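Here is a short briefing on the salt bridges of one model. Please have the sequence and the structure at hand as you read.

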Amino acid sequence: MFLSIPLRHMQENQSGTILSVSATGELGRRIRDMGLVPGTAVTIIGRAPLKDPVALRLRDFTLTLRNNEADLITVRVGENGETLQ
């Protein structure tokens, strides 16, 4: 069973697959240009001490996003927080 959650709510070392990006306009274009498109696998690799920004790994590179940007990305994860392969 799978859950759909905002990327911001993923735990460290948890993996998932991007379902959708709700950002529009320039921000939406910039997010998609960074490779954050539906079907892409992502793994949370860490967070700053105050929990913002979040660092994630996708397509063999590391990317950081502010929490307000991560809220605009919906990710499919395992029901009990297990890692998806």
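In this predicted model, R8 and D71 form a salt bridge (a side-chain nitrogen of Lys or Arg within 4 Å of a carboxyl oxygen of Asp or Glu), with 2.8 Å between the closest N and O atoms. The pair joins distant parts of the chain, 63 residues apart. Five salt bridges are found in the structure.

**The R8 and D71 pair**
- R8 lies in the loop between β1 (2–6) and β2 (15–21), and D71 in the loop between α2 (67–70) and β6 (73–78); helices (H or I, at least four residues) and strands (E, at least two) are DSSP runs, numbered from the N terminus.
- R8 is partly exposed at 34% relative accessibility, and D71 is partly exposed at 32%; buried means under 20% relative accessible area, exposed over 50%, and partly exposed in between (1.4 Å probe, protein chains only).

**Helix α1**
- D33 and R29 meet in a salt bridge of 2.4 Å, N to O.
- About one helical turn separates D33 and R29, because they are four residues apart in helix α1 (residues 25–33).
- D33 is exposed at 54%, whereas R29 is partly exposed at 42%.
- A network of salt bridges links E26, R29 and D33.

**The E69 and R66 pair**
- E69 pairs with R66 in a salt bridge, with the closest N and O atoms 3.4 Å apart.
- E69 is buried at 5% relative accessible area, while R66 is exposed at 52%.

**How to read the values**
- Residues are numbered from 1 along each chain as its sequence is written, and side-chain values use heavy atoms, leaving out hydrogens and water.
- Local features need pLDDT of at least 70 and side-chain atom pairs count only at pLDDT 80 or more, while totals for chains, interfaces and linings use all residues.
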